[in-house]
Amino acid sequence: MSGDDPDLLARVFLTRVIEPGDETAGRWVRELGAAEVARRLKGPGGPLPGVSGRRWDGLRARALRAEPERDLDLARAAGVRFLGPGDGEWPRQLDDLGDARPLGLWVRGRASLRMWALRSVAVVGARACTEYGAHMAVGLAAGLAERGWVVVSGGAYGIDGAAHRGALGAGGATIAVLACGVDRPYPPGHAGLIGRIAEQGLVVGELPPGDHPTPSRFVLRNRVIAALTRGTVVVEAAHRSGSLATARAAQRLGRHTMGVPGPATSGRSTGVHELLRGGAVLVTDAAEVVELVGDMGELAPERRGPVLPRDLLAPGARRVLAALPGRGAASPDRIARGAQTTEDDAIARLYELRALGYVERHGDGWKLTRQAMISVRRARGPG
């Protein structure tokens with residue numbers, strides 16, 4: 001994250017001026033470039049095409065108050081980085097959103113967002129969930145984490161919180177996509193949970209530091225969850241539930257859409273049942289989810305060697321890979337000790353290595369894949 005990059009600085013500026021998902025502004029950026037759009041918003045002259053004079057004046061007023069260098073400084077102080085399209089950590093599947101693609105993402109946490117998103121599933125649902133719904137979300141998320149999948153949700157009360165807790169409780173990876181600044185946990189009652197996710201996983205958002213959520217921002221946030229992941233599972237949703245927007249966005253993007261059925265008499269499951277009648281796949285456990293998304297999640301046929309040579313891995317990932325035993329599995333804390341890092345950092349690296357085909361989860365531990373064992377033995381030399 002460098003303020004010396006004009007395009008990046010312009011995108012930081014635009015996250016303060018443009019609302020998430022604004023396709024008109026997205027078209028401006030695609031056609032003119034972020035720096036030119038920022039210049040036009042700050043300088044004299046008439047509006048860019050597609051907006052009224054009144055709306056342009058509103059954007060200009062926001063532009064006058066924007067301070068991108070200050071936002072970057074606040075982000076650094078909070079342990080937050082900014083990613084733009086083209087960054088090595090940018091998840092390319094977000095480009096499927098076209099002109100509604102995020103202008104950039106603010107990210108809190110150690111792991112590589114791009115690597116984690118390669119094998120990720122969204123688990124979303126009602127805020128006012130039942131005990132049954134919470135139980136199913138926890139079990140699904142824990143099962144996905146145990147199979148080496150990253151669980152993505154929105155950090156909200158109800159099903160979202162249950163999904164995050166299920167993944168964390170299984171020693172797994174989870175991403176919270178927020179509708180506010182990632183330095184400002186929302187809802188406030190989940191400040192502890194979101195802080196834990198930032199330590200063991202990733203917290204992601206489109207809005208700059210300190211920005212607050214609004215009803216429209218919650219809805220627009222859902223398109224990011226849908227685009228980021230290989231599929232979306234809905235656990236409990238009434239007819240008007242916001243989680244259905246995530247599922248419908250997933251359908252439009254060609255992602256897998258799944259629903260967990262509830263009692264026929266439960267109003268909290270009417271939206272899920274409607275989704276199932278509309279073509280979503282019924283699932284009841286993590287194995288069924290992986291059976292569906294695995295065809296897409298396994299990004300290539302079985303390989304004879306790792307995706308990347310070991311010397312192209314980041315130094316932290318190389319140390320974690322070297323700390324795995326040549327045979328059998330090891331626990332994350334043992335791997336962390338061998339790599340001289342924290343357990344949270346080791347877990348983050350293990351999920352990155354899992355996405356690249358080097359390691360696989362085995363119960364509560366991790367072990368080298370068959371393809372990686374050859375590379376590691378060669379690197380360690382004879383003996």
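Me: Before we start, contact here means heavy atoms within 4.5 Å. With that in hand, which residues does R184 touch, not counting residues up to four places away in sequence?

Reply: Happy to start there, keeping in mind that this is a predicted model. R184 sits in the loop between β5 and α9, and at 40% relative accessibility R184 counts as partly exposed. Once residues up to four places away in sequence are set aside, the residues that R184 touches are G210, D211 and H212.

Me: How far apart in space are R184 and A238, C-alpha to C-alpha?

Reply: Along the sequence, R184 and A238 are separated by 54 residues. In space, the C-alpha to C-alpha distance between R184 and A238 is 28 Å.

Me: Which helix holds F218, and how many residues separate F218 from Y186?

Reply: The pair links distant parts of the chain, with Y186 in the loop between β5 and α9. Y186 is partly exposed at 36% relative accessible area, and F218 is also classed as partly exposed, at 21%. F218 lies in helix α10, and the separation is 32 residues.

Me: Good, that brings us to α10. Is α10 roughly parallel, roughly perpendicular or oblique to α11?

Reply: Helix α10 covers residues 215–228 and helix α11 residues 243–252, and their axes come within 8 Å. The axes cross at roughly 45 degrees, and α10 passes α11 in a right-handed crossing. An angle under 35 degrees would count as roughly parallel and one of 65 to 115 as roughly perpendicular, so α10 is oblique to α11.

Me: What is the make-up, by class, of the contact of α10 with α11?

Reply: From α10 come N222, R223, I225 and A226, and from α11 come A245, T246, A249 and A250. Sorted by class, the contact of α10 with α11 has five nonpolar, two polar and one charged residues.

Me: And how do α1 and α5 lie relative to each other?

Reply: The axes of α1 (residues 6–17) and α5 (residues 68–77) come within 9 Å and cross at roughly 90 degrees. On the α1 side the contact uses L8, L9, V12, F13 and R16, and on the α5 side P68, E69, D71 and L72. Since angles from 65 to 115 degrees count this way, α1 and α5 are roughly perpendicular.

Me: How many residues of helix α8 are buried?

Reply: Helix α8 spans residues 159–169 and is mostly covered. What covers its buried residues includes β3, α7, β4, β5, α9 and β7. Among the buried residues are I159, D160, H164 and L168. Of the 11 residues of α8, the number buried is nine.

Me: Last one: is G259 buried or exposed?

Reply: G259 belongs to strand β8 (residues 256–260). Beyond its neighbours within four places in sequence, G259 is in contact with V234, V272, L276, V281, L282 and V283. Its relative accessible area is 0%, and since the cut-off for burial is under 20%, G259 is buried.

Note on methods:
Residues numbered from 1 in each chain as written. Predicted model: local features only at pLDDT ≥ 70, side-chain atom pairs only at ≥ 80, totals over all residues. Heavy atoms only, no water. Axes fitted to C-alpha atoms, helices over the stretch in contact; angles between N-to-C directions. Helix = DSSP H or I, 4+ residues; strand = E, 2+ residues; numbered from the N terminus. Parallel < 35°, antiparallel > 145°, perpendicular 65-115°, else oblique. Left-handed = near helix turned anticlockwise from the far one by under 90°. Nonpolar A, V, L, I, M, F, W, Y, C, P; charged D, E, K, R; others polar. Buried < 20%, exposed > 50% of the residue type's maximum accessible area, 1.4 Å probe, protein only.
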